[in-house]
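I opened this notebook to record what I looked up about aromatic rings, charges over rings and strand pairing. The entries follow the order in which I went through these topics.

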Amino acid sequence: MEEQGKLQVLICGAGAAGLTLAIDLARRGLSFRIIEKLDRPFGGSRGKGIQPRTQEVFEDLGIIDRIVAAGGLYPALREYSEDDSYIEKSMGEPRDPSPDVPYFIPLMIPQFRTEEVMRERLAELGHRVDFGCELIGFEQEVGGVRARLKKGAREELVHVSYLVGADGGRSFVRSVLGIDFPGQALGMRAIVADVGLSGLDRAAWHQFNNGDMARVAMICPLAGTDLFQIQAPVPMEGDPDLAAEGLERMITERTGRSDIKISSVSWASAYVMSARLADRYRVNRTFLVGDAAHIHPPTGGQGLNTSVQDAYNLGWKLAAVLSGAPDALLDTYEEERRPIAADVLGLSTRLLAGHRRQGGMRRGGDTHQLDIDYSGSSLSYNGSARDARFHAGKRMPDATLTGAAGQPRRLFDVLTGPHWTLLMSAQDYRPAVAAREGLRAVTVGHRAELRDPSNELGLTEGGFLLIRPDGYVGATFDATGCHSVNDYLARCFPLPTPERQ
Ligand SMILES: Cc1cc2nc3c(=O)[nH]c(=O)nc-3n(C[C@H](O)[C@H](O)[C@H](O)COP(=O)(O)OP(=O)(O)OC[C@H]3O[C@@H](n4cnc5c(N)ncnc54)[C@H](O)[C@@H]3O)c2cc1C
């Protein structure tokens, strides 16, 4: 068996969660490997909805424009009646753009395209997925994890500081760790299939027999492709026919239309819906992210988004601890992300129940994930007045500022990158907090680096706003907060006498 020198992180699984973590670690210059047991990229559309908060994450990771260009918007929902007449509804509640929310509409892009864009980004950063490589065993030891990999007939032993199980709902990592995955089966099975199809236009998401769970058929044109995605509940027992003829027969039976023809099936699957949440997200040096930690029905389009944001929460913490920050920072990953997944389980299960009762697929603003909140986290510290505009744990909104030369500057441009950002109200450009690696300290005021002409940040005189690398407010401080800023940073930055990993 071959043995490799020690890496910092092994990512098991190259779905959306594993790829997000890989991009984040790559841009931070960490040594890692991302392995995927499939021989080639996954080819299905399943998680096709990208929520506004995930779009902000994608901006930070440098892929948002490619994702938008490769996908499109959700079309109107077209609900057909028995007599073939129909009504059209928009999928979500319309909302106007505003400077604080640059991405306010969910996007549609098939999951295989999203992952393709992510792999391209990863290649730009000098890394590639190791396909056809399976994690077949691991043991935690002092200072690291020893993992056994299998690639074809060859076995390999790797030593890493941390292992991340991004290996989906049937997670091997979770089972080796013996972490319980309690929850409930929801008594519903469905098929999803990506097909070449004629007889329906691409201007709408066609929905037949809404509310009749035995006969519903939803046929959605997949943005950025020539394909349609079929979703339909099927009986719990038996093998649904997922070949083109079988799917066409089902569509004809459910719609009464013989003009809808299926010419090809590029991917199809039948799955049973359940809602489950892992008891723990961390055991020593091993973590779970994405579907490995939580699964729930696809109603609400939350799974891929929650998975991406798990990885985005873990990435900067792993990097910080690997460069000497206190290990306790890594405990805040489960502390922050597990309650979010519990809420997502509740939301998607409620939406599924509504879908069963009334039919329809409308999604409200609560699915956009912009109000995800870490206020209760031990990392959130409110040191400024209670009536301050921004509170620790909340997402930092975008703002339209100007640079010192009067040029337009979005706040998100300042936040983009792997660093923390300290916004300081000041009379000039000189920061009140000493520079340190990984912290961008920016003054805001009349003669400072950034100007806030519409008072969107609303920084009080002498106030500080500390924004985490993942775009959430970490802490707020008032004019006397200079020492507190340094105390706070000591929890997230390398210790003075580092106990290195
Ligand atoms: C019909 C349907 C519709 C959906 N719609 C949406 C939607 O609109 N929006 C949304 O956000 N989500 C949606 N989802 C959910 C979304 O697809 C998942 O949440 C998402 O794929 C989770 O990503 P992941 O990276 O955690 O896991 P996965 O995508 O499952 O990736 C895990 C990877 O790990 C690999 N792996 C497993 N074991 C090993 C091992 N031992 N060694 C190496 N590799 C391994 C697997 O091969 C796999 O490629 C939908 C799901 C379905 C089924």
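Which residues form one aromatic cluster? I noted W316, Y381, W420, F464, F477, Y488 and F493 as its members. I keep in mind throughout that this is a predicted model.

**Entry on aromatic pairs.** I then looked up the pair of Y374 and Y472, which is tilted, with 4.6 Å from centre to centre and 55 degrees between the planes. I placed Y374 in the loop between α8 (328-358) and β20 (381-383), and Y472 in the loop between β26 (464-467) and β27 (473-477), so this pair ties together parts that are 98 residues apart in sequence. When I checked accessibility, I found both Y374 and Y472 buried.

Because F464 lies in strand β26 and F477 in strand β27, the pair ties together parts that are 13 residues apart in sequence. Both F464 and F477 are buried, and I had already listed F464 and F477 among the members of the aromatic cluster.

**Entry on charges over rings.** I asked which ring the charged end of R174 sits over. I found the ring of F181 there, with the charged end of R174 at 3.6 Å from the ring centre. I also recorded that the charged end of R285 sits over the ring of Y162, at 4.9 Å from the centre of that ring.

**Entry on the three-stranded sheet.** I traced an open sheet of three strands in the order β3-β7-β4, with antiparallel pairing. Its edge strands are β3 (49-50) and β4 (72-73), each of which pairs on one side only. I followed β4 to strand β7 (residues 107-108), with which β4 pairs in the antiparallel sense over two bridges, and I noted L107 in β7 as the bridge partner of L73.

**Entry on the eight-stranded sheet.** I read the order of a further open sheet, this one of eight strands, as β6-β5-β13-β14-β15-β12-β16-β19, with mixed pairing. At its edges stand β6 (86-89) and β19 (294-295), each with a single partner strand, so one side of each is left without a neighbour in the sheet. Within this sheet I looked up strand β13 (residues 204-208) and strand β14 (residues 217-221), which run antiparallel and are joined by three bridges. For H206, I recorded I219 in β14 as the bridge partner.

Notes: Residues are numbered from 1 along each chain as its sequence is written. This is a predicted model: local features need pLDDT of at least 70, side-chain atom pairs count only at pLDDT 80 or more; totals for chains, interfaces and linings use all residues. Side-chain values use heavy atoms; hydrogens and water are left out. Rings of Phe, Tyr and Trp (its six-membered ring) pair if their centres lie within 6.5 Å; planes under 30 degrees apart count as stacked, over 60 as edge-to-face and the rest as tilted. Helices (H or I, at least four residues) and strands (E, at least two) are DSSP runs, numbered from the N terminus. Buried means under 20% relative accessible area, exposed over 50%, partly exposed in between (1.4 Å probe, protein chains only). A charge sits over a ring if NZ of Lys or CZ of Arg is within 6 Å of the ring centre and within 35 degrees of the ring normal. Two strands pair if DSSP finds at least two bridges between them.
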